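I am opening a notebook on this structure. The entries follow the order in which I looked things up.

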Amino acid sequence: MAELVHVDALGADGIYRTRRRMDLTSVSGEKIGEIGLVSPLYVRRTVAAMREAPVPSATDRIAMLDKAADIYLTGTIADMNADQYAHLVSVASGVPLSVVRGSIAGVADALRALRHTAGLAMPMGAAACWDDPRTESGSAVWTRKGDVFAVHASGNTPGVHGLWPEALALGYKVAVRPSNREPFTAFRLISALREAGFSDDSVALLPTDYETADVIIAEADYAMVYGGQDVVDKYAGNPRVLPQGPGRSKILVTKDVDWRDKVSLIADAVSYLGGTACVCTTSVLIEGDPAPLAEALADRLSQIPSLAAEDPAAVLTVQPCEQAEKIDQYLHTVAEGTRPWLGGDSIVDELPAGGAVLRPAVHEVRSPDASQLNVELPFPCVWVGPWAPEDGIAPLKRSLVVTAMTEDRQLIEDLLREPSITNVYLGDTPTTLMLPGVPHDGYLGEFLMRTKAVIR
Amino acid sequence: MSSPILDITTDPSRIDPDEYVRELMQWHFRPETGCSFWLRRAARLGFDPLTDVNGVADLAKFPNFIDEFRDTAIEDLIPRGLGQSQQIAGIYESSGTTGPPKRFVMFEEWLEGFLSWWGDRLDEIVAETGPLNSLAIVPSGPHMFGEVTTRWARRCGGVKFTVDLDPRWVKVLISQGRTGDADAYAEHIVDQAAHILRTQDVGVLATTPALLERLARHADLVDLINKSVRAIIWSGAQMDADTRELLRSQVFPGIPLLGIYGSTTILGGAKERHDEEFDGNPVSDPFSPYIFFRVVDPETGEEVGFGQRGQVVMSHLTKYALLPNNLERDMATRIKPPEGVIGSSVAGVGPVSTFGGTPVIEGVY
């Protein structure tokens, strides 16, 4: 990138340029731009202004979201066309270009789907508006629990931004704190939403530092925060915050299923999005000896080439070398006592142009209660372990997605009943499958809306 | 007994700083005039201040003594040459952030001299508006800022309304992770200030950046302040350029925002240069030669160039106290001082910024 990209706050009065700025760098360490970091005072004034902003009608909101999808997908925003944008995201985040493109398309699809999906969380007893004929004899009406929704986004892939626009569809004002590594998607999407008709005081971009980020949450009514287990723990007692934490997604293969047919499906679920999503498979439990499956996965995953993120054929994520080394060291520490099938020596593959590819890792653990089965790392890293029917669902707890490759109906019932398992997929459905309208951590509407009785 | 050059004047720009320093060494290190602390300490300096310190440059020979002020008896800090006639305004303490507080003697004459020099902007405002009442929401008790606002209130011709404020307790709460309690305490202070603003005529508001920002969260208080307040004085911590700009342009438009960059360890501070900024920050000029700054590279201790950032070293040199070479925890940009001012002016005072650093934690976000 010859020209530096400036990511400025998009506040209630339009673009706001701060003096406090931070460099944005590519994964190879090159400065590619600057981001302005807003102060707590600015956050508070912006959220206060958003609170007062009028709410457009539901029909207008949907129309604007539709229009924003097109602008986001194909438009030229802040002198940057769609290709340049995708390239920039790849260079900044190390996410393979093809993954970025797919992810961008996914965000646009999610925006367009809101026409049909935004209302899916509404209880069947509720009407969407107070003047629905049903309220004449008394009915529940679906209403917002607050006015302003805050999002602490992460920079994994643009796909992270496919979820929060649902809040706009529901009539919330939304303030997004972007990732300070990849703020381009949030900037582009919010610019597109504004161009499509959302007012400056209804959707805002508030880039800022770690401390001020808390102010955004404190000022908003509800918030969604992407982060690690620390973030989940931090907000565990806060009913206004919906943490999006580690997924620790798992696949279970029981004896009645031939694992040999599933190797490519499992390998893809491990390496999907370069292993950077919470839905990527973290561990596989197999009834019987895990070694042959681990070996087959290692063989399959080892064939993925190391390429620069912006190479159209790239599959694996690139990180700054220093960060890659840290992750590798961490892997070595946590992998102690396991049998490495792939990546046991090093997962770091430095690129000639700077940065390092995070190569896949496959480790075999001895028992279904091995702690490694819940270690999720931001690259294709899978733990394979043994499982027996008497282990039950205990080793599968605390998972965002469990794909159960089994014919055992009781086991499926047990998985559905377990509160710490968020989603249950069956058969040849990879943990990574995401469909508009099928919630991946409940519908946002469940968190942001409630019913109110109206009788007239 | 002292040379007239050591008498405090509000326009010290014509004082020859080297001559001033030489006279000051005679004052502080002769048994007839010096204080017990320095007379005792002189033996272990490794140089003779009476003969080896011949100008400002030689002050660098003094090490940073400031930690010794934590447990020195106050009587030992009173220069004998001042005699019994000199009134003491109070004993003031540093904030105590880095250990037990350090104690200093504030003499009446020095404090008044400093305030006369600093308060010229305030005097101009009052000359236009007539007498103004003050509201001070500042640390009082052992903290110099409380006393300073009392004096200003008098200069402004009105009364001073106050709210109790104990910043050390807030620091304890924050260090224990009790941010909710710290928040509640701050709101308690704002509530009391709000009552005064609602019921009294306040023309000058003195507070800290954090409390000013907190007042700004309340639209009704912002309205009250904008209606009656003619000057806002702040000190006690840093204010970043973006926040200052928002306060000046949007929250309190038209109300002069007068900052004072100071420290108890120099018994005073610097004055914002009128209508001149560096990168959005006010430029602070010290009351030289009584107070002066150096800005040094934290690694090497060497002075940085103009326009460069470094750590601030503060000195207080008067017949009332000798406090050389105190390394503050603040970072600032070194600015060329006005004609006749020794050392440096500073701008953009702030803590060392800490960005980046990405520890590996499990998870993908």
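**Entry 1: the two chains**

How many residues of chain B are in contact with chain A, and how many of chain A with chain B? I found 22 residues of chain B touching 39 residues of chain A. I note here that the model is a predicted one.

I then looked up the area. The size of an interface is often stated as the accessible area that is lost when the parts come together. Chain B and chain A bury about 2,500 Å² between them, and 57% of this is on carbon and sulfur atoms.

Two salt bridges are counted between chain B and chain A. In one of them R44(A) is paired with E213(B), with the closest N and O atoms 2.8 Å apart. Helix α11 of chain B, residues 241-251, provides the largest share of the side of chain B that touches chain A, namely seven residues. I also wrote down five residue pairs in polar contact between chain B and chain A, both residues of a pair being at pLDDT 80 or more.

**Entry 2: the domains of chain A**

I looked up how chain A is divided. The domain assignment gives domain 1 as 5-245 and domain 2 as 249-426. Their contact takes 16 residues from domain 1 of chain A and 17 residues from domain 2 of chain A. The C-alpha centres of these two domains lie 30 Å apart.

Domain 1 and domain 2 of chain A bury about 1,200 Å² between them, with 56% of it on carbon and sulfur atoms. How many salt bridges are counted between domain 1 and domain 2 of chain A? The count is zero. For polar contact I found five residue pairs across this interface, both residues at pLDDT 80 or more.

Which helix gives the most to the side of domain 1 of chain A that touches domain 2 of chain A? I traced that side to its helices: α3 (82-93) and α4 (97-117) of chain A each supply at least two of its residues. α3(A) gives the most, with four residues.

**Entry 3: the seven-stranded sheet**

I followed an open sheet of seven strands in chain A, in the order β16-β19-β20-β14-β13-β21-β22, and its pairing is mixed. β16 (339-342) and β22 (421-426) of chain A are the edge strands; each has a single partner strand, so one side of each has no neighbour in the sheet. On average, neighbouring strands of this sheet are turned by 20 degrees against each other, direction ignored.

Strand β13 (residues 249-253) and strand β21 (residues 399-405) of chain A run parallel and are joined by four bridges. The bridge partner of V253(A) in β21(A) is M405(A).

Helix α10 of chain A, residues 291-302, lies across β14, β16, β19 and β20 of chain A. Its direction is at about 35 degrees to β16(A).

**Entry 4: the three-stranded sheet**

I also looked up an open sheet of three strands in chain A, ordered β15-β18-β17 and paired antiparallel.

β15(A) and strand β18 of chain A, residues 356-358, run antiparallel and are joined by two bridges. Here V318(A) stands opposite V357(A).

Last, I checked helix α11 of chain A, residues 321-334. This helix lies across β15, β17 and β18 of chain A, and runs at about 160 degrees to β17(A).

Terms used:
Residues numbered from 1 in each chain as written. Chains lettered and ligands numbered in written order. Predicted model: local features only at pLDDT ≥ 70, side-chain atom pairs only at ≥ 80, totals over all residues. Heavy atoms only, no water. Pairing = 2+ DSSP bridges. Contact = heavy atoms within 4.5 Å. Axes fitted to C-alpha atoms, helices over the stretch in contact; angles between N-to-C directions. Domains from an automatic or database assignment. Buried area = accessible area lost by both parts, 1.4 Å probe. Salt bridge = Lys/Arg side-chain N within 4 Å of Asp/Glu carboxyl O. Polar contact = N/O pair within 3.5 Å; in protein donor to acceptor, adjacent residues only side chain to side chain.
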